[in-house]
Amino acid sequence: MNYSESELRETFGSVGANVAVHKSCVLFGGPNIHIGSNVRIDCFSMISAGAQGVFIGDHVHIAAGAYLFGSNGKIVLESFSSLSARVTLFTGSDDFILGHMTNPTVPAKYRFVTSGDIVLKKHAIVGCGSVIMPATLGVGAAVGALSFVSKDVGDFEIVRGSPAVPVGFRRDDMLEFEQSFLAETVGGQS
């Protein structure tokens, strides 16, 4: 069962048309979450938005059990990007190497948290079970299943592994398909 249109408008900072968010999703910082049109967020997902916000474009799919932790930076999922099941995005992490204390029950002055923004450019895709730390995934970038990404991925680049390494490039045909798709919609709007 999905949230009704009125529930979506009461929950999020802004929401477009044709948005389906399953009621089993856990949402924190709803006023800082902005969702475009034609978006689907599947069951058991979690979105936590901090002051910098979570911005979801048009025609975005977030599959079941995906977690977006945005308390330490901005998260941007541009139009036509997608997260597969069990993908996790972390905008911050305790750095324990230098001997600092860790976890949110400890005052900030005793911790060292690294943080940053996560941006998925249009048509970027992330495979099942992958973990994304602060980074930008370029236009059409693809992350293979069960990968760990902690640095930027170039346009149309395919990465996989832990840590993720480049393994090839995608074709850019999706850009032509996007133009055809948008031209077929009413008024050219997504």
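In which sense do strand 21 (residues 157-160) and strand 22 (residues 165-169) pair, and over how many bridges? In this predicted model, the two strands pair in the antiparallel sense, and 4 bridges join them.

**View 1. The hairpin of strand 21 and strand 22 in the predicted model.** Strand 21 and strand 22 form a hairpin in which 4 residues lie between the two strands. Within the turn, glycine 161 has a positive phi of about 105 degrees. One of the bridges can be followed from glutamate 157, whose bridge partner in strand 22 is phenylalanine 169.

**View 2. An open sheet of 6 strands in the order 1-4-7-10-15-18.** The pairing in this open sheet is parallel, and its edge strands are strand 1 (14-15) and strand 18 (135-137), each of which pairs on one side only. The contact can be located from serine 14, for which histidine 34 is the bridge partner in strand 4.

**View 3. An open sheet of 6 strands in the order 3-6-9-12-17-20.** Here too the pairing is parallel. Strand 3 (26-28) and strand 20 (148-149) stand at the edges with a single partner strand each, and therefore one side of each has no neighbour in the sheet. For strand 20, a parallel pairing over 2 bridges is found with strand 17 (residues 131-132). In this pairing, valine 131 has phenylalanine 148 of strand 20 as its bridge partner.

**View 4. Tyrosine 67 and phenylalanine 69 as a tilted aromatic pair.** The model has 3 aromatic pairs by the ring-centre rule. Tyrosine 67 and phenylalanine 69 make up one of them, with 6.2 Å centre to centre and 35 degrees between the planes. Tyrosine 67 counts as partly exposed, at 35% relative accessibility, and phenylalanine 69 likewise counts as partly exposed, at 31%. Ring pairs also bring in Phe90, so that Tyr67, Phe69 and Phe90 are linked into a cluster.

**View 5. The edge-to-face pair of phenylalanine 80 and phenylalanine 181.** The two ring centres are 6.0 Å apart and the planes stand at 80 degrees; because an angle over 60 degrees counts as edge-to-face, the pair is assigned to that class. Phenylalanine 80 lies in the loop between strand 10 (75-77) and strand 11 (82-83), whereas phenylalanine 181 belongs to helix 2 (residues 173-184), so the pair ties together parts that are 101 residues apart in sequence. Phenylalanine 80 has a relative accessibility of 18% and therefore counts as buried, the limit being under 20%. Phenylalanine 181, with a relative accessible area of 33%, is partly exposed.

**View 6. The largest pocket and the residues that line it.** The volume of the largest pocket is about 150 Å³. Its lining consists of Ser71, Asn72, Gly92, Ser93, Asp94, Pro104, Arg111 and Val113. Strand 13 (residues 92-94) gives the most to this lining, with 3 residues. By residue class, the lining of the largest pocket divides into 4 polar, 2 charged and 2 nonpolar residues.

Notes: Residues numbered from 1 in each chain as written. Predicted model: local features only at pLDDT ≥ 70, side-chain atom pairs only at ≥ 80, totals over all residues. Heavy atoms only, no water. Phe/Tyr/Trp six-rings, centres within 6.5 Å; stacked < 30°, edge-to-face > 60°. Buried < 20%, exposed > 50% of the residue type's maximum accessible area, 1.4 Å probe, protein only. Pairing = 2+ DSSP bridges. 1 Å grid on protein atoms, 1.4 Å probe; cavity = no way out; pocket = protein on both sides within 12 Å on 5 of 7 lines; lining within 4 Å. Points joined across faces, edges and corners; volume = space filled by probe spheres on them. Nonpolar A, V, L, I, M, F, W, Y, C, P; charged D, E, K, R; others polar.
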